Amino acid sequence: MSALLAGPARAQSTTTAATAAAAAVPAPKRQLQALRITESIKLDGQLDEAIWQQAPLATDFIQNRPNPGPHEKHPTEVRVLYDDANLYIGAIMHDVSPDSIMRELTARDDFGNTDFFGIFLDTYHDKINGYGFFVSTGGVQSDARYSPAGGEDFNWNAVWESRTALRGTDWVAEMRIPYSAIRFSKAAEQLWGLNFMRQRKRDNQAFFWNEVKPAVDGFVNQWGELKGLRDIKPPLRLSLTPYVSGYVNHYPYNEQGTRNSSTSFNGGADVKWGINESFTLDATLVPDFGQVQSDNQVLNLSPFEVQFQENRQFFTEGTELFNKGDLFYSRRVGAQPIGFGGVRGQLRAGKMAPDGQRRPGEAVVSNPGVTRLLNATKISGRTSKGLGIGVFNALSNDVYATVRDSVDGREREVLTQPFSNYNIMVLDQSLKNNSYVSLINTNVTRWGSTYDANVTGGLFRFANKQNSYAVDGRVVYSRRRGTTFGSETPIDDQNGYKYQIGVSKISGNLTWNVGQGIESDTYNPNDLGILFGNNNISQYASLSYNKYNPFWKVNNFRSWVGLSHSLLYKPTRYQNANISGEASTTFTKSFLTTGVNFDLNPVTHDYYEPRQYPLGNYYVRVPANAGLGGFLYSDYRKKLALDLNAGVRGSAQDERLPRPRRMSYNWGISPRYRVSNQLNFRYNLSWSLRENQIGYVNGGLDNEYVADAGFRRQYPDDVLLGRRRVVTVINTLSGGYTFNNRMSLTIRTRHYTSTVNYRDFARLSPNGEETLVDYRRNRDNTFNAFNVDAVYAWWFAPGSQVSIVWKNAGSSFLEANEATPLYFSNLSNTINTPHNNNVSIKILYYLDYLMLRPKRG
């Protein structure tokens, strides 16, 4: 009996192992022959030219999600044509009925609740870098770049054309991709990587022509091949996109001699020039970024700066090479002047006159918070041998604050930012087996008596031939020379370094990685990068198990668990340890996605919170704590969908002082409602409470206050900490109406409020010692921020756009008795606080040399 049961069980185990092993092996590469044409193709979504039927057919797509592996039931038929100037793609997506074809209209680069078709091109066939072009049933275009650094980057935009049409139970997509939109070599015969994708939103299904296996590491390396491209020449890629813009700004100063309204007019241009078949120069001359989405302002209680999202198109488009190694934080270019916060320290103070009367000093009239760029240029591309080269350069002019003498009205200028040059150089060599080596250098040179900065980094990733294991690492050196801006004090972090190395299993259901890294105490890439605390020695390990095929009542299962440990680098002391993990799944029938996450942390020594440098003597002791959270996302195909999340964190009792336990709670709810295929709304509410948090008193100490001066006299070397209750509420409401595939109206309103109530105070001595003190200044505070961004956009021609934007912004910082945790009081305060209103119009017009040059007869 036992032998009969053991036999089938052993066979099943062997079969399961073989199936799992096969899932981690890339699928065979399919090939498609492109057909050269001499006749013209009318782009109308009909595919009624006879030549389409002569082209070889790509069909029999294979499902990638929700269930990888099955062949499509409703066939997709794709053909590729080409001539001397364009690549043409014709696709027919068969279905069961018109009602089965979802077709929501959205803004560009937003798929929404719709079916779509896409083509992927790896024009250098390096199996690492590629392009993606997509069109939805409603004719909405999306495009993306693929690279190891940028992943899937939809910030990249190209100028190309497409048409779609419904035809009975099918829908048709027709694309024309000009060679000027992509880059490829001069070889007489081309071999490109190729794949096609189809989404059937009705069943949440995604299909690829060349199978893409989730268990295989990489994406571009799983594409098929496009053959038959002969005697095509990279065209002269030269385009100019001039712009004009006008602004009307209103802020209710309501002061004598100060105008509440102002106007401005701007003009400039973006230039794109294909230097050769591989490299492109992009330049923006006198750029205008006034219409980008407003930043999400927050109350920052941490010792680190807030990292804001980059919304300026020039710095998001085609920057995958410059993002290698995470050494480039583009918000540094055109950022707040380095001397912005030091202006008040340079004002002439008031003084007592001989007659006994006090004479007031100087006051700040204006202090620009951003640096206006003169121009920015990037050159990037990749040779036929797989060498990627990128050069970025930007120039900003001097920035001055204006101060006025309060007695005689005389004004003078104070330099806050000298003329500066920002430069990046990248070399990235693609290798076999989805591997690469890279060299990156960033440099900031400032004119005058201040400091310059240089960072150089090397990166590598080597995978084995089976693409199952990889080793990766990086070494970075930072160098700064000169004096602190506005002083004669030399920079104290002249040389620093960072390294990291890791080994990982990268394919299969079970993957893992281990690694170690060091950041020295003087490592500082902040002039063109971003750093959240250096002086670290870290070790980490993680294990992931993913099941991609349906089982029981779910479509898949994803999970991971990780361990980390950190030491201070100098002096070498314990900082923290952590174990964390997450598991998630999607139910088969309801497409309800849910998951849980956790983390466990023993006692932590936070050396950054006290803001005392050099690090090592002072730290805030954080008791052992654990967090548990969960999330739930409903089916977005429904008109009404809902996202939910919640979490709780509890800490062990800190026995050193008579304090309650630290606790924190958070939850969020985000319903979305699709009124029609053109109109949709989304609301997001998030709430968080941190109870009995211990931290550096925000705002620091000011000797103008008796309590602060007394603390400094009594404890000159110690730090003031506060036990506080922090409540944060964020409300965001957005909506959009899409008139057609070229015209849309969107609006986004955000209200943020965060209130800090201090319960008691303590002085922090070296080695984490805390002692309660009788400190009696009211340090409560509330920060409110409100923004409205309304955007009307009309793409009236390929690459050409009219945009009208209204922005409304206001904020307030309330201190002491004015601070309140009451939400509606804060909302009322925010509404009644003076707001800045800005209305602008901007017109871009795309001029392509290939379209303007005289036609030869």
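Predicted model: local features only at pLDDT ≥ 70, side-chain atom pairs only at ≥ 80, totals over all residues.
**Notebook: a look through the model**

I started at helix 4, where the cover over the buried residues includes strand 41 (719-740), strand 42 (743-765) and strand 43 (769-773).

**Helix 4**

Which residues of helix 4 are buried? In this helix, residues 706-714, I found Asp-708, Ala-709 and Phe-711 buried. They span an arc of only 160° around the axis, so they sit on the same side of helix 4. I then checked the face turned away from that buried side, and there the exposed residues are Val-706, Arg-713 and Gln-714.

Buried or exposed? Asp-760 comes out at 19% relative accessibility and the cut-off for buried is under 20%, so Asp-760 counts as buried. Skipping neighbours within four places in sequence, I listed the contacts of Asp-760 as Arg-659, Leu-721, Gly-722, Arg-723 and Leu-772.

**Nonpolar cores**

Next I went to the largest nonpolar core, which has 37 residues. Which members touch the most others? Those are Leu-87, Ile-89, Phe-117, Ile-119, Phe-133, Trp-192 and Phe-196. Strands supplying at least two residues each include strand 5 (86-93), strand 6 (116-122), strand 7 (130-136) and strand 12 (189-200).

**Aromatic rings**

How many aromatic pairs are there in the whole structure? My search gave 47. I wrote down Tyr-469 with Trp-512, a tilted pair at 6.2 Å centre to centre and 55° between the planes. The pair links distant parts of the chain, with Tyr-469 in strand 28 (residues 469-482) and Trp-512 in strand 30 (residues 510-519), 43 residues apart. Tyr-469 is partly exposed at 39% relative accessibility, and Trp-512 is partly exposed too, at 31%.

Ring pairs also build a cluster, including Phe-111, Phe-120, Phe-134, Tyr-146, Phe-208 and Trp-223. Two arginines went on my list as well. The charged end of Arg-312 sits over the Phe-315 ring, 4.1 Å from the centre, while Arg-446 lies over the face of Tyr-451 at 4.6 Å from the ring centre.

Where are the cis peptide bonds I noted? One joins Arg-65 and Pro-66, with omega about 5°, and Pro-66 is in the loop between strand 3 (62-65) and strand 4. Another joins Tyr-613 and Pro-614, with omega about 0°; Pro-614 is in the loop between strand 35 (604-606) and strand 36 (620-622).

I logged two positive phi values as well. Leu-47 has phi of about 55° although it is not a glycine. Leu-47 is in the loop between strand 2 (35-36) and helix 2 (51-54), and is buried at 11% relative accessible area. Asn-692 has phi near 65°; Asn-692 lies in strand 40 (residues 679-696) and is buried at 7%.

Notes: Residues numbered from 1 in each chain as written. Heavy atoms only, no water. Phe/Tyr/Trp six-rings, centres within 6.5 Å; stacked < 30°, edge-to-face > 60°. Helix = DSSP H or I, 4+ residues; strand = E, 2+ residues; numbered from the N terminus. Buried < 20%, exposed > 50% of the residue type's maximum accessible area, 1.4 Å probe, protein only. Lys NZ or Arg CZ within 6 Å of the ring centre and 35° of its normal. Core = buried A, V, L, I, M, F, W, Y, C linked by side-chain atoms within 4.5 Å. Arc of directions from axis to C-beta. Contact = heavy atoms within 4.5 Å.
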